[in-house]
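My notes follow in the order I checked things.

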Amino acid sequence: GPQALMQVFRNLDAPLACPVLVTQHMPPHFTATLAKHIGDVAKMPSREAVDGEIVEPGRVYIAPGDYHMTVKSDGAKVRIALNQDPAENYCRPAVDPMFRSIADVYGKNALCVVLTGMGRDGAAGAKVAAEAGAVVVAQDEDTSVVWGMPGATYATGICDAVLPITEVAPFINKALKVTSHGAR
């Protein structure tokens, strides 16, 4: 939920050398407020994603309420693609479409994180991303308010790490430092 997101963003080494894409199950109008709060704690630009905009490092893009957020390659650039395709896992926005597109565009250069939340959203998309070489992290059961989403992701057997919420940002920070030096 939003509190878990805030805890992670508060402890990231900003600015990041990569973009951050976030899907939070929220209705329209609430996601703009979430983006503002994330920007305040992350000390990085954060806003609702806009269809067609170029994805840039050091920025946080939040899926707008009632829209799936995906990414697509456009030559050497990556762009946001928003759509109102049918709900997945009873959600729109849903994490699975985002993770599938991240797998297609970023492959082994992606890191997917699934935090506390109800249902199974994120598990199938994280599996696709892991098969493309992405690192997958799930929040552990003890620190999750609801272990539905991270638990379903863990059950797929593809997690590189299952961590308490306090260890998610340090894991991301370390992974990004390793990746920026050419090793993984």
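I began with contacts between residues at least 6 apart in sequence: in the protein chain, 67% of them join residues at least 24 apart. The model is predicted, and I read every value below with that in mind.

Next I looked up the secondary structure, which comes to six helices and eight strands. From the N terminus on, I noted the order α-β-α-β-β-β-β-α-β-α-β-α-β-α. The radius of gyration is 15 Å, close to the 16 Å that the globule rule gives for 184 residues, so I put the chain down as being as compact as a globular protein of that length. Along the principal axes, the C-alpha atoms fill a box of roughly 40 × 35 × 35 Å.

I then turned to burial and surface. Buried residues account for 47% of the 184. The chain exposes about 9000 Å², and carbon and sulfur atoms supply 54% of that area. For the charges, I found 16 positive and 19 negative, with mean positions 6 Å apart.

Which residues have the most contacts inside the largest nonpolar core? I listed Val 8, Phe 9, Ile 38 and Val 60, in a core of 27 residues. Among the elements giving two or more residues to this core are helix H1 (2-10), helix H2 (30-42), strand E3 (60-62) and helix H6 (165-180).

Definitions and conventions
Residues are numbered from 1 along each chain as its sequence is written. This is a predicted model: local features need pLDDT of at least 70, side-chain atom pairs count only at pLDDT 80 or more; totals for chains, interfaces and linings use all residues. Side-chain values use heavy atoms; hydrogens and water are left out. Helices (H or I, at least four residues) and strands (E, at least two) are DSSP runs, numbered from the N terminus. The radius of gyration is taken over C-alpha atoms; the globule rule is 2.2 Å times the number of residues to the power 0.38. Buried means under 20% relative accessible area, exposed over 50%, partly exposed in between (1.4 Å probe, protein chains only). Contact means heavy atoms within 4.5 Å. Accessible areas come from the Shrake-Rupley method with a 1.4 Å probe; for residues, only the protein chains shown count as cover. Lys and Arg count as positive and Asp and Glu as negative; His and the chain ends are not counted. The place of a charge is taken as NZ of Lys, CZ of Arg, CG of Asp or CD of Glu. A nonpolar core is a set of buried Ala, Val, Leu, Ile, Met, Phe, Trp, Tyr and Cys residues joined through side-chain atoms within 4.5 Å.
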